[in-house]
Amino acid sequence: MTPFGRRMREMRAERGVTLSQMAEGIGVSAAYLSALEHGKRGQPTFLMLQRITAYFNVIWDEAEALRMLAEISDPRVVVDTSGLSPEATELANLLAREIATLPPEAVAELLGRLKILGRPG
């Protein structure tokens, strides 16, 4: 599940909306929304994001927060380390290889460290 998918699911739960109801409301299939929530689809398009924010009637800060979550929710990340140090390339490759086996605590710690550095996420 992506950060955007998790938030979308939370918003549905807060409002008591089923996946099917939301899909019908924004004109897509329930299968598409399910795939978006579970990270089996890429980031939502700008138009889809607009439909979702309109559906939930969110404005300003909440809409901006949802947009930022969408930006960091690509489930198929590509890291270009060309021009970076050998250590950066090694880190990217090790993370790609090991991320599926990292315990949740290690993921949370790494994410926290990156957030301290001012990186989005």
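A residue is called buried when its relative accessible area is under 20%, and exposed when that value is over 50%, with partly exposed in between. I open with this definition because the description of one phenylalanine rests on it: Phe56 has a relative accessibility of 4%, and therefore counts as buried. Please keep in mind throughout that the model before you is predicted.

Good morning, colleagues. Let me begin with the overall arrangement. The domain assignment divides the protein chain into domain 1, covering residues 3–72, and domain 2, covering residues 86–118. Taken over C-alpha atoms, the centres of these two domains are separated by 27 Å.

In soluble globular proteins, nonpolar side chains tend to be buried together. Here, the largest nonpolar core has 19 residues, and the members that touch the most others are Phe4, Met8, Met22, Leu33 and Ile52. Which helices supply this core? At least two residues each come from helix 1 (3–15), helix 2 (19–26), helix 3 (30–37), helix 4 and helix 5 (60–71). Helix 2 gives the largest share, namely four residues.

Phe4 deserves a moment of its own. Setting aside neighbours within four places in sequence, Phe4 is in contact with Leu36, Pro44, Leu49, Ile52, Leu66, Leu69, Ala70 and Ser73. One of these partners, Ile52, is also named among the core members that touch the most others.

Now to the aromatic residues. A pair of aromatic rings is described by the distance of the centres and the angle of the planes. This structure holds one such pair. The ring centres of Tyr55 and Phe56 lie 5.3 Å apart and their planes stand at 75°, so the pair is edge-to-face. Are its two members buried or exposed? Tyr55, at 27% relative accessibility, counts as partly exposed, whereas Phe56, at 4%, is the buried residue with which I opened.

Let me move on to charged side chains. The count of salt bridges comes to 10, and I shall describe three of them.

The side chains of Glu10 and Arg7 form a salt bridge with an N to O distance of 3.4 Å. Both residues belong to helix 1 and are three residues apart, about one turn of the helix. Glu10 has a relative accessibility of 36% and so counts as partly exposed.

A further salt bridge joins the side chains of Glu14 and Arg15, at 3.5 Å from N to O. Glu14 is exposed, its relative accessible area being 55%, while Arg15 is partly exposed at 35%.

In helix 5, Glu64 and Arg67 are likewise placed three residues apart, about one turn of the helix. Their salt bridge brings the closest N and O atoms to 2.3 Å. Both side chains belong to partly exposed residues: the relative accessibility is 34% for Glu64 and 28% for Arg67. As for a network, salt bridges that share partners join Arg7, Glu10, Glu14, Arg15 and Glu62 into one.

Another arginine calls for comment. Arg51 lies in helix 4, which spans residues 46–55. Where does the chain meet Arg51 again, beyond residues up to four places away in sequence? The answer is at Ile26, Gly27 and Val28, which Arg51 touches. Arg51 has a relative accessible area of 34% and is therefore partly exposed.

Finally, I come to the backbone. Most residues other than glycine have a negative phi. What are the phi values of Asn57 and Trp60? For Asn57, phi is near 55°, which is positive in a residue other than glycine. For Trp60, phi is also positive, at about 45°, although this residue is not a glycine.

Their locations can be stated briefly. Asn57 sits in the loop between helix 4 and helix 5, whereas Trp60 lies in helix 5. As to accessibility, Asn57 reaches 64% and counts as exposed. Trp60 reaches 70%, and that value is over 50%, so Trp60 counts as exposed.

To close, I return to two points. The predicted model has a largest nonpolar core of 19 residues, and its one aromatic pair is the edge-to-face pair of Tyr55 and Phe56. Thank you for your attention.

Technical notes: Residues numbered from 1 in each chain as written. Predicted model: local features only at pLDDT ≥ 70, side-chain atom pairs only at ≥ 80, totals over all residues. Heavy atoms only, no water. Domains from an automatic or database assignment. Buried < 20%, exposed > 50% of the residue type's maximum accessible area, 1.4 Å probe, protein only. Contact = heavy atoms within 4.5 Å. Phe/Tyr/Trp six-rings, centres within 6.5 Å; stacked < 30°, edge-to-face > 60°. Core = buried A, V, L, I, M, F, W, Y, C linked by side-chain atoms within 4.5 Å. Salt bridge = Lys/Arg side-chain N within 4 Å of Asp/Glu carboxyl O.
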